[in-house]
Amino acid sequence: MTSLILLGFFALAVLAPLDVFSITSSDGRVIYRTYPAEGCRVVLKHLNSIYQEEVAEILEIKDGHFVLKEVMTDSPGIKEYYGLTDEIPRRAWREISFHNSSGRDFHLSLNGHAVLILDGYKDRRLTLRLTNADLLRLLYRRQ
C-alpha cells in the first residue's frame, strides 16, 4: 500500500504542470527558457518609440499569464497611450512580442534578475511566452 501511495505522489510530481517562460527570436528559435514560480515579477523597460520617454511595464505571472500590474513612466502621453487613469485595467497575455530595436534600450528582468540575452538579439522581433509543460515532457525533450 505504501509503495502505491509513493508511486501516486511520484506520478503527480512528474505530471504536474509547470509554467515555462521562454523567449523566442524571429526565426522561432528558443533563446532563453526558465521555470518561474507563480507571482514572479517580470519587468520590461524600454524607450517608448512614440514619445521617446522611458517606460517600465511591470507584469506578474499568474495562472499561466503575464498580468499587467503597473506601468511606470513620467510621460502623460504614455499613460494616455496605455489607457491609464486611476487604476490599471486588467490585461493578461500568454505571449508578448516586441521589436528589440537598438535605439529603444530594452531591458528585461525576472524577480529583479536581469535577462542579458536581449543584448545579443538587437533589431529582431522577440516573443516572451508562457506555456505549460509537465516534468516528464521536459525531461524527454532534453534527450
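These exercises work through a predicted model of one protein chain.

**Exercise 1. The overall fold**

Task: State how many helices and strands the protein chain has, and give their order along the sequence.

Solution: 
- Start with the count. The protein chain has three helices and 10 strands.
- Now read along the sequence. The pattern is α-β-β-β-β-β-α-β-β-β-β-β-α.
- Turn to burial. Of the 143 residues in the protein chain, 36% are buried.
- Finish with the contacts. Take those in the protein chain with a separation of 6 or more: 59% of them join residues 24 or more positions apart.

**Exercise 2. Ser-22**

Task: Decide whether Ser-22 is buried or exposed, and list its contacts beyond its sequence neighbours.

Solution: 
- Ser-22 belongs to strand β1, residues 17-24.
- Check accessibility. The relative value for Ser-22 is 7%. Buried means under 20%, so Ser-22 counts as buried.
- Set aside neighbours within four places in sequence. Ser-22 then contacts Val-30, Tyr-32 and Arg-33, and also Thr-127, Leu-128 and Arg-129.

**Exercise 3. Aromatic pairs**

Task: Find how many aromatic pairs the whole structure holds. Then classify the pair Phe-21 and Tyr-32, and the pair Phe-98 and Phe-106.

Solution: 
- Begin with the total. The search of the whole structure gives four aromatic pairs.
- Take Phe-21 and Tyr-32. Their centres are 6.2 Å apart and the angle between the planes is 80 degrees. Planes over 60 degrees apart count as edge-to-face, so this pair is edge-to-face.
- Locate both rings. Phe-21 is in strand β1 and Tyr-32 is in strand β2 (residues 30-34); they are 11 residues apart, and the pair links distant parts of the chain.
- Phe-21 is buried, with a relative accessible area of 0%. Tyr-32 is partly exposed, at 25%.
- Move to Phe-98 and Phe-106. The ring centres are 4.7 Å apart and the planes meet at 25 degrees, so the pair is stacked.
- Check burial here too. Phe-98 is buried at 8% relative accessibility. Phe-106 is buried as well, at 7%.
- Look for a cluster. Ring pairs link Phe-21, Tyr-32 and Phe-66 into one.

**Exercise 4. A nonpolar patch**

Task: Identify the residues of the nonpolar surface patch that includes Tyr-51, and say where Tyr-51 lies in the chain.

Solution: 
- Name the members. Ile-50, Tyr-51 and Tyr-81 make up the patch.
- Give the area. Together they have about 340 Å² of accessible area.
- Tyr-51 has a relative accessible area of 36%. Patch residues need over 30%, so Tyr-51 passes that cut-off. Tyr-51 is classed as partly exposed.

Methods
Residues numbered from 1 in each chain as written. Predicted model: local features only at pLDDT ≥ 70, side-chain atom pairs only at ≥ 80, totals over all residues. Heavy atoms only, no water. Patch = residues over 30% accessible without salt bridge, like charges linked within 9 Å, V, L, I, M, F, W, Y side chains within 5 Å. Areas by Shrake-Rupley, 256 points an atom, 1.4 Å probe, with all protein chains shown as cover. Salt bridge = Lys/Arg side-chain N within 4 Å of Asp/Glu carboxyl O. Helix = DSSP H or I, 4+ residues; strand = E, 2+ residues; numbered from the N terminus. Buried < 20%, exposed > 50% of the residue type's maximum accessible area, 1.4 Å probe, protein only. Contact = heavy atoms within 4.5 Å. Phe/Tyr/Trp six-rings, centres within 6.5 Å; stacked < 30°, edge-to-face > 60°.
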